[in-house]
Amino acid sequence: MSEADLGVLEASTCSMKHFAARARDRGEQGGLVIQLEGYFDGDAAMAVTALIVSLIENWKGYPQVSFDLARVSYISSLGIGALTSARSAALQRGLRFSVDDPQPAVLNVLELLGMTTYLSIRTSRREE
Amino acid sequence: MQPDERSREQLVDSLQRSEARLRALGEESQDMILVLDPAGTILDVNRAGVELLGGEDPSALVGRPEQELWSNPADHEVFMRLLRENGRVKNFEVILVRRDGGTVFGLQSATVVRGAGGEVAEIHSMVVDITPRIRDAQALWKANIQLAEANQRLKESQAMMVQQEKLASIGQLAAGIAHEINNPLGFLKSNYSTLRRYLQRVEEFLSAVVGRDSEGLARAQEEYRIGHILGELGLILEDCDTGFRRIAQIVLTLRNFSRIDSEAARAPFDINAGIQSALTVAHNEVAFVAEVALDLGKVPLVECVGGEILQVFLNILINAAQAIKSQQRSCPGKITIRSGTDNGRVWAEVEDDGPGIPADIQSRIFDPFFTTKPVGQGTGLGLSISYDIIVQHHGGSLTVRSAPGQGSCFRIELPLLPPRRSAD
């Protein structure tokens with residue numbers, strides 16, 4: 001997948017004030033890494049869900065998809081819906097999947113909805 | 001009463017009625033209505049709001065920071081920031097904590113009300129309970145992921161079944177394959193003995209000619225038949241080449257056949273060469289029960305997983321041979337294999353003059369585990385897997401024409417470029 005293909009995701013959010021998304025090919029260091037930033041609310045989710053699913057469906061690189069949520073400070077139900085759609089698309093392609101480093105507020109929502117196991121949450125934050 | 005006084009009384013009455021109407025509207029609302037001060041402290045809350053949080057008395061909420069009601073205080077900061085920036089927020093998803101510790105999912109909208117000097121005087125806010133909707137969505141998310149997981153497991157088991165069926169076919173054909181390898185191996189062994197014998201003769205010749213003159217050399221050459229040996233060597237090596245090629249071809253066919261195929265294995269494939277490979281592998285199964293007639297047309301290469309297509313040819317070819325064999329006839333049967341192109345698709349047919357398939361089971365022959373063979377002789381997966389390979393994996397078709405007593409003809413059609421295997 002070319003840089004231009006990956007760049008479509010970033011371009012789709014460049015006019016959004018409180019949200020940004022970008023996709024990177026990290027090769028064997030993580031495969032397709034989708035980095036989100038800001039408020040993953042309904043508008044943001046609607047703008048990026050189909051693009052993310054399409055990226056995963058067409059991904060031909062290292063067989064892994066990771067969502068970097070370290071810079072997401074708020075997530076709505078549509079945001080979680082986007083993550084589950086991505087998870088399903090990754091499963092269909094036989095790709096490994098993880099959601100990495102969610103902030104406590106985001107992790108709390110995922111826990112309240114019982115989605116942590118389904119979304120393979122990983123955290124690299126050290127305990128204080 | 002003076003007109004001014006009457007007018008004022010009417011105005012007061014109108015205002016009182018308006019206030020009562022608005023208060024009733026707030027109190028009777030099914031949704032939570034909140035009035036906050038600029039810092040987010042609750043100034044007023046309606047009955048629906050109190051009930052939503054599992055309380056009984058509004059006074060338990062009034063005076064508390066709204067943030068305390070939120071499951072994620074950090075979300076409240078986001079909410080207030082958006083409110084400060086835009087003067088209003090619409091449908092912000094919140095998670096509220098009930099008095100009993102339960103959670104309520106809501107959509108909160110709010111508007112800043114400004115005083116005469118433009119300063120923020122109050123925040124008017126409404127929360128719609130969307131808990132049932134979120135619970136439904138939650139169930140749907142989990143169901144979708146579980147479905148995708150089940151689908152993935154099914155694909156893995158299917159791939160394993162295909163591989164097991166392949167291995168079963170190879171096991172079934174092992175004797176024939178051994179025979180196919182043994183045949184060239186036989187003449188390679190014989191050639192090897194001859195070469196050793198000739199080498200010994202050449203060594204003897206070389207020892208014998210030491211110190212001889214040209215006349216003696218010529219005599220020795222004749223005596224040891226060196227000219228004959230040199231002439232034979234070329235033929236023997238040519239013969240060995242053929243033997244090695246035949247063994248290598250069988251090994252290559254087996255390797256292609258037994259490979260665990262993947263999407264990456266798609267490549268241009270020669271259907272006619274595939275038919276020849278299947279005939280090589282199944283030779284011993286077919287050769288003693290039927291004569292094979294080939295009527296192969298000129299066909300373009302097809303983008304496919306070659307090992308899978310080979311497996312289909314092999315399944316159908318072995319079925320044809322076994323059908324003929326089941327009749328225990330005195331003379332060999334006939335299997336005709338044709339290929340060609342039609343409307344941008346490559347087709348191949350395998351026709352036998354066996355007993356044919358009864359009409360009442362023709363619709364079931366592609367079902368998994370359906371077999372008419374005796375127990376232990378068929379898994380009932382061969383045609384099912386063949387159908388899956390041709391139709392699901394390659395977007396082609398696999399059909400049969402058959403009538404009892406008139407044999408069967410299986411027809412495979414493949415598009416030159418099959419659809420990508422993404423959701424299978």
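In chain B, strand β10 (residues 345-352) pairs with strand β12 (residues 408-415) in the antiparallel sense over eight bridges. Two strands pair if DSSP finds at least two bridges between them. Helices (H or I, at least four residues) and strands (E, at least two) are DSSP runs, numbered from the N terminus. The model is predicted: local features need pLDDT of at least 70, side-chain atom pairs count only at pLDDT 80 or more, and totals for chains, interfaces and linings use all residues. Residues are numbered from 1 along each chain as its sequence is written, while chains are lettered from A and ligands numbered from 1 in the order in which they are written.

Ala348(B) has Ile412(B) of β12(B) as its bridge partner. Both strands belong to an open sheet of five, ordered β7-β9-β10-β12-β11 in chain B, with mixed pairing. Its edge strands are β7 (290-296) and β11 (397-402) of chain B, each of which pairs on one side only. Helix α7 (residues 271-281) of chain B packs on the sheet and touches β7, β9 (333-342) and β10 of chain B. The direction of α7(B) makes about 160° with that of β9(B). Axes are lines fitted to C-alpha atoms, for helices over the stretch in contact, and angles run from 0 to 180 degrees between N-to-C directions. Two residues are in contact if their C-beta atoms, placed from the backbone, lie within 7 Å. Helix α11 (residues 382-393) of chain B lies across β11 and β12 of chain B, at about 130° to β11(B).

In chain A, strands β2 (residues 32-40) and β3 (residues 64-75) pair in the parallel sense over eight bridges. Val33(A) stands opposite Ser66(A) in β3(A). Five bridges join β3(A) to strand β4 (residues 96-100) of chain A, and these two run parallel. Here Asp68(A) stands opposite Asp100(A) in β4(A).

Beyond its neighbours within four places in sequence, Ile52(A) is in contact with Leu9(A), Ile34(A), Ala82(A) and Ala86(A).

At the interface, 21 residues of chain B are in contact with 22 residues of chain A. On the chain B side, α3 (73-86), β3 (88-97) and α4 (131-208) each supply at least two residues. The largest share, eleven residues, comes from α4(B).
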